[in-house]
Amino acid sequence: TTTTDKHYYSFLLSLPLFFFLLFFVVVAIVTSIVQINKQVTATRGNTTTITTTNYYFEGLQIALGADMRFATPDCQLSIMEAKWGLIPDMSASITLRELVRIDVAKELTMTGRTISGKEAAELGLVTRCVDDPLEEAKRVTKEIIQRSPDSVAAAKDL
């Protein structure tokens, strides 16, 4: 036998080990996906509230994904990526246009203008503008907890 033949035979002998290990990797990945799905299903009925003080860049983009946002009148919010030649690359391209009119979303994104909590409430960017957003979030959360978990979960899907 030649050297090439020896390498070929050793390669063939290693294939069962490769597929054996690949099987365990696939099982581990599938198990992880199932566990993540169980966690998402278990938390599906919970409503997230965010209290804001100052949110810029990704912080605002993450806050836009919450079910409700409460802000103080003097808080500052901005999608500042335009100032550095960037675009909002996380969730704002979807969530922003779901919360405000498309022309407002474009204006806020293209200019990077900083707005107050009061203006954000007027635009629909935050749920409410209050002096104590943490207490307001707690009050609303207590009210939601008293409702049917199934109806809250269904409302999240609207």
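Arg128 is partly exposed, at 33% relative accessibility; buried means under 20% relative accessible area, exposed over 50%, and partly exposed in between (1.4 Å probe, protein chains only). The side chain of Arg128 meets that of Glu136 in a salt bridge, with 2.8 Å from N to O. Such a bridge is defined as a side-chain nitrogen of Lys or Arg within 4 Å of a carboxyl oxygen of Asp or Glu. This is a predicted model, in which local features need pLDDT of at least 70 and side-chain atom pairs count only at pLDDT 80 or more, while totals for chains, interfaces and linings use all residues. Residues are numbered from 1 along each chain as its sequence is written, and side-chain values use heavy atoms, with hydrogens and water left out.

**Salt bridges**

- The count comes to seven salt bridges by this rule.
- Side chains of opposite charge can pair when their charged atoms come close.
- Arg128, Glu136, Arg139 and Glu143 are linked in a network of salt bridges.

**Pairs in helix α6**

- Helix α6 covers residues 133-145; helices (H or I, at least four residues) and strands (E, at least two) are DSSP runs, numbered from the N terminus.
- The side chains of Arg139 and Glu143 form a salt bridge at 3.1 Å, N to O.
- Arg139 and Glu143 both lie in helix α6, four residues apart, which is about one turn of the helix.
- Glu143 is partly exposed at 39% relative accessibility, and Arg139 is partly exposed at 40%.
- Lys138 and Glu135 also form a salt bridge, their closest N and O atoms being 3.8 Å apart.
- Lys138 and Glu135 are separated by about one helical turn because they are three residues apart in helix α6.
- Lys138 has a relative accessible area of 41% and is partly exposed; Glu135, at 42%, is also partly exposed.

**Confidence**

- The average pLDDT of the protein is 76, and 65% of the residues score at least 70; pLDDT is the predictor's confidence in each residue, from 0 to 100.
- Confidence is highest in helix α5 (residues 117-123), at a mean of 94, and lowest in helix α1 (residues 3-42), at 58.
- Over residues 36-45 the pLDDT is below 50, and this stretch has seven contacts in the model beyond near neighbours in sequence, a contact meaning heavy atoms within 4.5 Å.
- Where pLDDT is low, the predicted coordinates should not be read in detail.
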